[in-house]
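Q: I would like to go through the helix packing and the aromatic contacts in this model. Could we start with the helices?

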Amino acid sequence: MMVALEVKNVLGLELSNNTMGPLWTRQKGIHWKAQVASMWSLLQQEEYIYFSLLQDFSKHVLRVIGSCGHFYAVEYLIAGHAWHKTIFPLEDTVGPSFTNTKSKVKAITDIALSFLDMVNHFDNDFSHRLHLCDIKPENFAIRNDLTVVAIDVDMAFFEPKMRDILEQNCTGDEDCNFFDCFSKCDLRIKKCGAERANNNLQVICDKIFRHWFSPSLRGPTISFPLQLQLQKAVHECAKPGPTDLKHQKTSLNSLSELYHLLQASQRELQKADG
């Protein structure tokens with residue numbers, strides 16, 4: 001019960017008792033009081049709760065592999081960097097086979113598709129949408145199968161807590177910005193709207209995809225018309241818009257279009273290999 005209350009306090013979620021399974025797996029023994037104290041100290045760390053609860057339901061979060069006292073260990077992955085041309089160090093993560101241009105383009109295409117899978121997963125596969133409010137290359141990593149993993153979730157919030165954070169007093173829209181999560185100021189009541197005005201996909205398009213699909217990074221591995229389509233789709237995806245049903249539909253269209261164009265890129269690369 002205390003664990004469920006702590007999770008509710010931290011995440012803003014109502015959880016059933018059987019959801020707590022991954023957090024406590026030890027048998028009650030002679031040191032159980034120390035074990036309970038250790039677990040309680042872990043529960044004060046928001047990221048531990050996220051990783052522990054979500055690792056059985058999502059391939060896009062870090063796996064917890066053990067804990068000792070208030071310390072916990074996670075799988076080792078190399079974070080991305082904005083200064084790296086491919087964002088993720090492919091040679092270190094996947095192997096030396098990803099040194100030529102075609103292999104790098106294929107890897108970037110696969111990673112971009114994994115980002116879209118993550119966006120769709122965080123938007124639709126939990127009881128509430130999971131908002132990422134600090135999106136930058138350093139907060140993600142890839143496994144050797146090119147799956148994108150969120151490795152820093154200090155600024156990740158499920159919908160109920162996101163609404164509480166955004167709904168603040170304001171005198172203008174700039175008062176309604178919480179890192180990468182934006183809201184709009186209602187000047188009549190001087191209060192920020194509880195609904196987020198942008199979304200995970202927009203920010204990923206702006207901060208990740210622009211880097212990959214910009215004019216300066218064009219190459220001969222994918223046909224020029226398809227490169228132009230990708231560039232235009234990423235530009236449209238990154239544009240902010242109003243918080244209405246029309247904009248939500250536009251965002252879904254962007255997700256679908258990017259899926260389509262990236263899969264077309266995969267087919268072109270496969271055809272070139274064949």
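A: This is a predicted model. In it, the axes of helix α7 (residues 200-212) and helix α8 (residues 224-238) come within 7 Å and cross at roughly 135°.

Q: Which residues make the contact?

A: From α7, the contact involves Leu201, Gln202, Cys205, Asp206, Phe209 and Arg210. From α8, Val234, His235, Cys237 and Ala238 take part.

Q: How do the residues of that contact divide into nonpolar, polar and charged?

A: Of the residues in the α7 contact with α8, 6 are nonpolar, 2 are polar and 2 are charged.

Q: Changing topic: how many aromatic pairs are there in the whole structure?

A: The search of the whole structure finds 13 aromatic pairs. One of them joins Phe115 and Phe209 in an edge-to-face arrangement, at 6.1 Å centre to centre with 85° between the planes.

Q: Where in the chain are Phe115 and Phe209?

A: Phe115 lies in helix α5 (residues 101-124) and Phe209 in helix α7. They are 94 residues apart, and the pair links distant parts of the chain.

Q: Is Phe115 buried or exposed? What about Phe209?

A: Phe115 is buried, with a relative accessible area of 0%. Phe209 is also buried, with a relative accessible area of 0%.

Q: Which residues do ring pairs link into a cluster?

A: The cluster linked by ring pairs consists of Phe88, Phe115, Phe140, Phe209, Trp212 and Phe213.

Key: Residues numbered from 1 in each chain as written. Predicted model: local features only at pLDDT ≥ 70, side-chain atom pairs only at ≥ 80, totals over all residues. Heavy atoms only, no water. Axes fitted to C-alpha atoms, helices over the stretch in contact; angles between N-to-C directions. Helix = DSSP H or I, 4+ residues; strand = E, 2+ residues; numbered from the N terminus. Contact = heavy atoms within 4.5 Å. Nonpolar A, V, L, I, M, F, W, Y, C, P; charged D, E, K, R; others polar. Phe/Tyr/Trp six-rings, centres within 6.5 Å; stacked < 30°, edge-to-face > 60°. Buried < 20%, exposed > 50% of the residue type's maximum accessible area, 1.4 Å probe, protein only.
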